[in-house]
Amino acid sequence: MKKTGIYIHIPFCEKKCPYCDFYSRSGTDKLYNEYTEAMLGMIGSCAYRKEYIADSLYFGGGTPGLLGAERLISLVGAVKGSFGLDTDNSEVTAEINPSKQDIDLELLRKGGVNRISIGVQSADDSELTFLGRQHSSSDAAEFIRLAKKAGFENISLDLMIALPGQTKESLSRSVDFCVRNGANHISAYILKIEPGTVFYRKRDSLSLPDDDEAAELYFHLCRLMKEYGFEHYEISNFCRSGFEGRHNLKYWHDEEYLGFGPSAHSFMEGRRFFIPRSFSDFYSGAVTDDGEGGSEEEYIMLALRLSEGVNFQKFSERFGYELPGKYIKKSRPLESAGLLKISSGSVALTEKGFLLSNSVISVLLS
């Protein structure tokens with residue numbers, strides 16, 4: 001049987017954050033029940049269930065914690081039943097916000113969720129207010145304490161950087177907060193103003209750092225994480241040894257995964273497809289084809305998000321031929337500019353290259 005990762009989108013939020021462009025809406029207990037029942041049916045009837053075994057499960061959102069532990073555990077059980085998920089050896093992640101919400105963390109842990117991703121975003125309360133978050137730094141610290149008490153050892157915390165008024169000092173405090181509270185994985189994202197968001201409508205009034213200031217904050221973050229003993233293994237992700245996000249690595253390794261829920265994407269048997277961003281499409285089973293996947297160019301683009309970069313041997317095993325010389329030829333001037341590093345076994349972005357990844361990858365694949 002082939003291995004795959006399962007993604008389940010939980011599209012509910014108490015309040016939409018002003019920077020967020022993910023698909024979500026408000027919900028009620030009745031709607032949570034209806035959605036869970038529909039999801040259970042779709043997982044149970046999935047056409048791929050006899051051909052694949054799942055070795056990762058990720059609940060993303062939205063705010064998955066709003067479903068509560070019992071509903072989330074029922075979905076874990078459905079994936080077990082359909083895809084043979086071994087929760088003792090697989091990674092099972094749930095995104096949870098640290099605002100006050102009624103979720104039994106001990107029940108969630110006993111029910112098979114073994115990794116928790118908490119949306120801290122900042123340890124500075126003024127930055128949290130700007131981001132429209134409903135928690136304070138003390139709320140986040142208490143929530144992390146409760147998660148550890150419930151038995152969660154694999155804890156990932158999210159941070160946002162390049163916020164208005166953010167300084168190296170305030171960013172240092174946020175990083176220190178995460179490390180001090182026991183994070184072994186930290187995801188850090190530069191704030192981007194996405195179309196359709198509240199921030200996009202207010203973009204002319206936002207005093208955001210310019211590109212140079214944002215770069216300085218990013219490099220400062222990278223230095224801090226190294227000092228704390230975290231590996232910078234992906235553009236936006238840092239971890240202690242052995243705590244890489246196994247599910248998300250499937251995306252960057254261009255491996256297969258199956259998504260359930262409105263706006264969820266999949267890559268199976270060489271095809272990419274997704275469920276449109278609406279409840280009606282989800283309930284009706286509508287799926288939109290997104291073309292072929294897994295090409296040489298796509299593999300390179302995704303691999304370059306990782307610090308390991310494009311490994312020549314892995315490329316050869318994947319495609320049956322060596323990495324074409326044109327990519328090395330195009331890499332030489334980028335290496336001279338400090339954006340890439342070429343070794344005998346791989347080509348990879350530097351931290352400077354990570355910051356300009358879209359442009360660097362565009363040059364390589366042009």
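Author: In this predicted model, the lining of the second largest pocket draws at least two residues from each of strand E9 (257–260), strand E11 (271–274) and helix H10 (279–284). Strand E9 gives the most, with 3 residues. The space in this pocket comes to about 220 Å³. Its lining consists of 17 residues, and those closest to the centre are Gly 259, Phe 260, Phe 273, Ile 275 and Val 287. By class, the lining of the second largest pocket has 13 nonpolar residues, 3 polar ones and 1 charged one.

The loop between helix H9 (246–252) and E9 contains Asp 254. Asp 254 is not a glycine, yet its phi is positive, at about 60°.

Rolling a probe the size of a water molecule over the atoms shows where empty space is left. The structure has 1 cavity of 30 Å³ or more, and the space in the largest cavity is about 30 Å³. Ile 300, Val 310, Leu 323, Tyr 327, Val 347 and Leu 364 form the lining of the largest cavity. That lining counts 6 nonpolar residues, with no polar and no charged residues.

Two residues of the cavity lining, Tyr 327 and Leu 364, also take part in a helix contact, Tyr 327 from H13 and Leu 364 from H15. Helix H13 (residues 325–336) packs against helix H15 (residues 357–365) at an angle of about 140°, and the two axes are 9 Å apart. H13 and H15 are therefore oblique to each other. Their crossing is right-handed. On the H13 side the contact involves Tyr 327, Lys 330, Ser 331 and Leu 334, which meet Val 360, Val 363, Leu 364 and Leu 365 of H15. The residues of this contact are 6 nonpolar, 1 polar and 1 charged.

Another right-handed crossing is that of H6 and H8. The axes of helix H6 (residues 168–180) and helix H8 (residues 211–227) cross at roughly 35° and come within 10 Å. From H6, the residues in contact are Lys 168, Leu 171, Ser 172 and Val 175; H8 brings Glu 216, Leu 217, His 220, Leu 221, Arg 223, Leu 224 and Met 225. The H6 and H8 contact residues fall into 6 nonpolar, 2 polar and 3 charged.

By class, the contact of H1 with H2 has 8 nonpolar, 5 polar and 2 charged residues.

Helix H2 (69–83) is also one boundary of the loop that holds Gly 62, with strand E2 (52–61) as the other. The peptide bond between Gly 61 and Gly 62 is cis, with an omega of about 10°.

How values were computed
Residues are numbered from 1 along each chain as its sequence is written. This is a predicted model: local features need pLDDT of at least 70, side-chain atom pairs count only at pLDDT 80 or more; totals for chains, interfaces and linings use all residues. Side-chain values use heavy atoms; hydrogens and water are left out. On a 1 Å grid over the protein atoms alone, a cavity is a set of points where a 1.4 Å probe fits but cannot get out, and a pocket is an open set with protein on both sides within 12 Å along at least five of seven lines; lining residues have an atom within 4 Å of a point. Grid points are joined across faces, edges and corners, and a volume is the space filled by probe spheres set on the points. Helices (H or I, at least four residues) and strands (E, at least two) are DSSP runs, numbered from the N terminus. Ala, Val, Leu, Ile, Met, Phe, Trp, Tyr, Cys and Pro count as nonpolar, Asp, Glu, Lys and Arg as charged, and the others, Gly among them, as polar. Axes are lines fitted to C-alpha atoms, for helices over the stretch in contact, and angles run from 0 to 180 degrees between N-to-C directions. Angles under 35 degrees count as roughly parallel, over 145 as roughly antiparallel, 65 to 115 as roughly perpendicular and the rest as oblique. A crossing is left-handed if the near helix is turned anticlockwise from the far one by less than a right angle, and right-handed if clockwise. Contact means heavy atoms within 4.5 Å.
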